[in-house]
Amino acid sequence: MSSRLDANDGAEPYAVAAEHIRLLTKVARMYHERGVRQPQIAELLHISQPRVSRLLKQAVAAGIVRTVVITPRGVHADLEDAVEQRYGLSEVVVADSAGQTDEIAVTRSIAAAAAVYLETTLSRSDRVGISSWSATLLATVDAMHSAAGLAAERVVQILGGVGMSAAQSQATRLTGGLARHTRAEAVYLVAPGLVATSEMRQALVREPSIAAVLDAWQDLTVALVGVGSLEPSTLLRQSGNAIAGQEEQRLRELGAIGDVCMRFFDEHGQHIASDLDDRVLGISAETLKKVPRRIGVAGGERKWRAIRAALRGGWLNVLITDQATAAELLRD
């Protein structure tokens, strides 16, 4: 005689002989409830280990064993899945900000989550491009821990870092800090992020040391960037690389709401071409979008519109953000 046990979630029922059900149940309970290892089960029940393995698989198919994933407190898997599906992202990490809205607290939460993400996903063959002048990225690198398994091939600066002396060290900290944690070669872009004229930029990119950095942008496997709102951050203003008020107003008139690496875009994520592009010494929109993994580390209410637009425009395919921002991204 045989009976048909209904498998989970409407799956096709698995036919099991009645006399076989007891053995399936016994093996399943020994393994899943008592923690008995498969070789021990085989010895105790006088059956082969391959048969124990088959019985455990049959117990799942028959619905005797049902896997239930219980989401721990502080993990927002449903929210992550929803944002991934809405924007076609490969991965979303939502930091648990515990309901806090203060920008500093939110930045710390995002940075902690981003640090863990990088520690667990970077590989020895990765060539990582990293932006400058991002407080969230600075906090991320500061939160990272060097570990035996954490490695990368190269860390390359993708936006000019030279500026006022008080702020210049911040850009160096980003590239150098990540390279140190990953035991990678650090490649610095020793030039301003924004220069006065396009002619000055052209002269700089002809310098062999700078040209070599620009060449390194072509084969990046990872880009690690912040997302800026149209109004420059405090860190960017301090660097001396921020755009002038008149240029900011012109970009606003063109519909700009945010930027990635000082490449500005509108609410649909479309790149806004302007004279400013010819003065920025940083990775171009086209080159950035060719990088296989483009990780945006950003959040906070001030950046909601810019982050949404960056996702719509394909500037990012991985997002690390906070709960409130993730929820806002799902609003119609």
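Biologist: In this predicted model, which way do the residues of strand β4 (residues 127-130) point, and are they buried or exposed?

Modeller: In a regular strand the side chains alternate between the two faces of the sheet. In β4, Arg127 and Gly129 point one way, while Val128 and Ile130 point the other way. The four residues are all buried.

Biologist: Which strands pair with β4, and in which sense?

Modeller: One partner is strand β5 (residues 154-157), which pairs with β4 in the parallel sense over four bridges. There, isoleucine 130 stands opposite glutamine 157 of β5. Another partner is strand β7 (residues 222-225), also in the parallel sense, over three bridges. In that pairing, valine 128 has valine 222 of β7 as its bridge partner.

Biologist: What unit do β4, helix α6 and β5 make?

Modeller: Helix α6 covers residues 135-143, and together with β4 and β5 it makes a right-handed β-α-β unit.

Biologist: In what order do the strands of the sheet stand?

Modeller: The sheet is open and has seven strands, in the order β3-β12-β11-β7-β4-β5-β6, with parallel pairing. At the edges stand β3 (91-95) and β6 (185-187); each has a single partner strand, so one side of each is left without a neighbour in the sheet. From one strand to the next, the twist averages 15°.

Biologist: Leucine 319 lies in β12. Is leucine 319 buried or exposed?

Modeller: A residue counts as buried when its relative accessible area is under 20%. Leucine 319 has a relative accessible area of 0%, and is therefore buried.

Biologist: Which residues does leucine 319 touch?

Modeller: Leaving aside residues up to four places away in sequence, leucine 319 touches Leu89, Glu91, Val92, Val93, Gly296, Ala298, Ile307, Leu311 and Leu329. Glycine 296 shows how the fold brings together separate parts of the chain: its C-alpha atom and that of leucine 319 are separated by 4.9 Å, although the two residues are 23 residues apart along the chain.

Biologist: Which residues other than glycine have a positive phi here?

Modeller: Most residues other than glycine have a negative phi, and most peptide bonds are trans. Histidine 46 has a positive phi, near 60°. This residue lies in the loop between α2 and α3, and histidine 46 counts as exposed at 71% relative accessibility. Arginine 183 also has a positive phi, near 55°. Its place is the loop between α7 (165-182) and β6, and arginine 183 is partly exposed, with a relative accessible area of 46%.

Biologist: At what angle do the axes of α2 and α3 cross?

Modeller: Helix α2 (residues 38-45) and helix α3 (residues 49-61) have axes that come within 8 Å and cross at roughly 105°. That makes α2 roughly perpendicular to α3. In the contact, Gln38, Pro39, Ile41 and Ala42 of α2 meet Gln49, Val52, Ser53 and Leu56 of α3. These residues divide into five nonpolar, three polar and no charged.

Biologist: How many helices and strands does the chain have, and what share of its residues is buried?

Modeller: The chain has 14 helices and twelve strands. Of its 332 residues, 49% are buried. Among contacts between residues at least 6 apart in sequence, 70% join residues at least 24 apart.

Methods:
Residues numbered from 1 in each chain as written. Predicted model: local features only at pLDDT ≥ 70, side-chain atom pairs only at ≥ 80, totals over all residues. Heavy atoms only, no water. Buried < 20%, exposed > 50% of the residue type's maximum accessible area, 1.4 Å probe, protein only. Helix = DSSP H or I, 4+ residues; strand = E, 2+ residues; numbered from the N terminus. Pairing = 2+ DSSP bridges. Right-handed = clockwise from strand over helix to strand, strands pointing away. Axes fitted to C-alpha atoms, helices over the stretch in contact; angles between N-to-C directions. Contact = heavy atoms within 4.5 Å. Parallel < 35°, antiparallel > 145°, perpendicular 65-115°, else oblique. Nonpolar A, V, L, I, M, F, W, Y, C, P; charged D, E, K, R; others polar.
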